[in-house]
Amino acid sequence: MAEPWRDRARRAVEWNWRLRSAGDPRPHYVICGKDALAYYVARAMLESELPVGGARVTVVVPERYRSNGPDVAALRGVRVVRSDRLDVDTFEAAGLAGAAGLALLNQDDVGNLHAALCAQAVDQRVRQVLRMFNGTLADGVRKLLKAPVEVLSDAEMAAPAFVAAALNEVDPSSFQHRDKTLRVARRADVRPQDVVCALAHLTEAQGVDLLPAEQAGADLVLAEATGQPPGTEVAARRLVRARRRRRPVAVLMRAVRGFATRKIGIAVMLVLALIAVLGALISRAEDVSPLEALYLTLVTTLSGADPDTTKPPDAQIMQVVLNLAGLALIPLITAVVVDGIVNARLALHTGRLQPARVGHVVVIGLGNVGTRVMAQLREYDVEVVAIDKSPEPRGAALARQLEVPLIVGDAALPETLVAASVGDCQALVVASTDDVANLEAALTARDLRNDLRVVLRFFDGDFAERVEETFALGVSRSVSYLAAPAFIGALTERAVITTIPVDRHALPVAEVPVAAGSELDGRPLDVVNRDGQVRLIARTPAGGGRTIWWKDLDPRQVIFAGDRLTVVARRRGLDWLTRQCAPPAHPGPVPRPVGPVHGGMHTPTTTPSSVPGPTDPGVAASAPGASHPVAPAEGVFLADHDHDHRRPG
């Protein structure tokens, strides 16, 4: 059957990129993925003004897929290759040979490893960046691959933001660089002499002002760790100390309610009520004390009585009814015992038989992110209860190791949330990969408790924005957007040390080398700082000298070739600084090799274009900060979508 003309036209447009790439001096990057992380990495690469004048981006996506968020294949300016397998043929079709970098961003550790081996067969020198969850497998990949490789975990980067939101604290971002350990904190929680630089000023009227010019008025700062625990750890310890005693009566009543089914319980209660009424009547008829009446009633019910024809007719009738009730009570007691044993075993297997808890955190979904959140909460000694539909989710083994109870069930059902004691928990973290299920679980939890703090993850950005407007559950953040700068830095060989999440934004901390003859070579340090874009925190002199930190930096000091500048920046500010530190441009482009590359042993040759001066209009025109106000609501959205697409930096 002939290929439809629409498909032929689409393929002609896609393959035309291969013909146009011959002789193109721009670096070529191949990105394999279909979710929000691949979208943000590809978009940032397209928007980056690299020293060579930009980059060519090829994305590899399956033939047919449903995007659970922004569609990477819909980005304007990318070349799209559709293939269900990441093998040698696919990478050859994507033009991997001679490419500057390869990003394998699928959520499949084994699949990414297989793709990395296939890519190595095409080109052994291409730089690879892998997305992996399993830390042991990641260490093995670094030793196994001959190509330069970086293995990163977006779940590990996103977990601190979830933990901080659950404990109502700032993101517990801390990192070590050179001989210092730095962390994010509120200005009121650190000493003035430990403040490295201001990160953000938070106002309800103007939103978030990143890297503000006014250092003293900033709410969030980057500070040197001096042995004092970060705010999140303090909040966790305070939570543990404030945890109230468990209520034994409530635990007993809950155990009684869960011992048998409702129908058997009703039947037992009816029989016992009938026996109690007849016992009271017998005590009045026989004119005996209450204790004697109880004895006569129990003996008559359980063992029967000898017939006595001399008794009045009403007493004989009550005696017969009591004997019948006794016949019904014995099998009911047997049924209760058997049903209770079966229910107890099922409850223990699914985790539903749990003691009442107070002040804990409930985590729904033990996938990549949920497992990391659970582990970090346990590191802070916060009690955790996990819920997942699968009896063996990805984090089940770690949950057993950490002695975290796992409740198997639908989190959208009230009984599942009640089994996790959601009514008495500190926060609810909903981190599954199903948007609809996440919303249902959050709304059900809010029905059980109106003031419950909900940390909710969404993938679909438009859905998250509309839910936020309709239900007013809090603010939204993008997990993939927060992790993207680290993947971009690894892909472009930038020394991104860490990424600091601030509200809906991400501030990469990077170390940028100064090339000989660059725009910053011979310039004073003062030109590096740009309000709202770049903040210099350290300088390492050429030759590996001792790092000069913020306390001893003099703005009048001259920058020399070989110096390494450590900065906190927005993405566009980091692009500007990279251009300023890049080697000078050559007069003419150097053509790329044309034709097949055997063995993958050649290295692409690119020629940088002219480098703009320090007064780059693209950076100077960008506003330093305001984006979204901080909502004072109890709930917090952590959505795999960033709403500020106009200023992605």
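Me: How many residues does α17 have, and what distance does α17 reach from its first C-alpha to its last?
Reply: The model discussed here is predicted. At 1.5 Å a residue, a span of 18 Å is expected for α17, and the computed reach is close to that value. The helix has 13 residues, and from first C-alpha to last it reaches 19 Å.

Me: How many residues of α17 are buried?
Reply: A residue counts as buried when its relative accessible area is under 20%. The helix α17 is largely enclosed by the rest of the structure, because its buried residues number 13 of 13.

Me: Which residue with a positive phi follows α17?
Reply: After α17 comes a residue whose phi is near 65°, a positive value. That residue is Glu493.

Me: Which element gives the most residues to the lining of the largest pocket?
Reply: The largest pocket holds about 1000 Å³ of space. Its lining has 43 residues, and those closest to the centre are Ser153, Glu156, Met157, Pro160 and Thr498. Elements giving two or more residues to this lining include α6 (154-166), α17 (479-491) and β17 (495-502). With seven residues, the element that gives the most is β17.

Me: Into what numbers of nonpolar, polar and charged residues does the lining of the largest pocket divide?
Reply: The lining of the largest pocket comprises 43 residues. By class, the division is 23 nonpolar, ten polar and ten charged.

Me: Which residue in β18 stands opposite Val496?
Reply: The strands β17 and β18 run antiparallel and are joined by seven bridges. Strand β18 covers residues 505-513, and eight of its nine residues are buried. The residue of β18 opposite Val496 is Ala510.

Me: Which residue in β21 is the bridge partner of Val509?
Reply: Strand β18 is joined to β21 (residues 564-569) by five bridges, and the two run antiparallel. In β21, the partner of Val509 is Val568.

Me: Why does Glu403 count as exposed?
Reply: Glu403 belongs to the loop between α13 (396-401) and β14 (406-408). Its phi is positive, near 60°, in a residue other than glycine. The cut-off for an exposed residue is over 50% relative accessible area. Glu403 therefore counts as exposed, with a relative accessibility of 72%.

Me: Is Ser421 buried or exposed?
Reply: Ser421 lies in the loop between α14 (414-419) and β15 (427-430). Although Ser421 is not a glycine, its phi is positive, at about 55°. Its relative accessibility is 9%, so Ser421 counts as buried.

Me: How far apart in space are Pro524 and Pro555, C-alpha to C-alpha?
Reply: Pro524 is in the loop between β18 and β19 (534-540). With a relative accessible area of 29%, Pro524 is partly exposed. Pro524 and Pro555 are 31 residues apart in sequence, whereas their C-alpha to C-alpha distance is 6.4 Å.

Me: Which residues of β1 lie on each of its two faces?
Reply: Strand β1 covers residues 28-32, and five of its five residues are buried. Both faces are accordingly covered. One side carries His28, Val30 and Cys32, and the other carries Tyr29 and Ile31.

How values were computed: Residues are numbered from 1 along each chain as its sequence is written. This is a predicted model: local features need pLDDT of at least 70, side-chain atom pairs count only at pLDDT 80 or more; totals for chains, interfaces and linings use all residues. Side-chain values use heavy atoms; hydrogens and water are left out. On a 1 Å grid over the protein atoms alone, a cavity is a set of points where a 1.4 Å probe fits but cannot get out, and a pocket is an open set with protein on both sides within 12 Å along at least five of seven lines; lining residues have an atom within 4 Å of a point. Grid points are joined across faces, edges and corners, and a volume is the space filled by probe spheres set on the points. Helices (H or I, at least four residues) and strands (E, at least two) are DSSP runs, numbered from the N terminus. Ala, Val, Leu, Ile, Met, Phe, Trp, Tyr, Cys and Pro count as nonpolar, Asp, Glu, Lys and Arg as charged, and the others, Gly among them, as polar. The expected span of a helix is 1.5 Å times one less than its number of residues. Buried means under 20% relative accessible area, exposed over 50%, partly exposed in between (1.4 Å probe, protein chains only). Two strands pair if DSSP finds at least two bridges between them.
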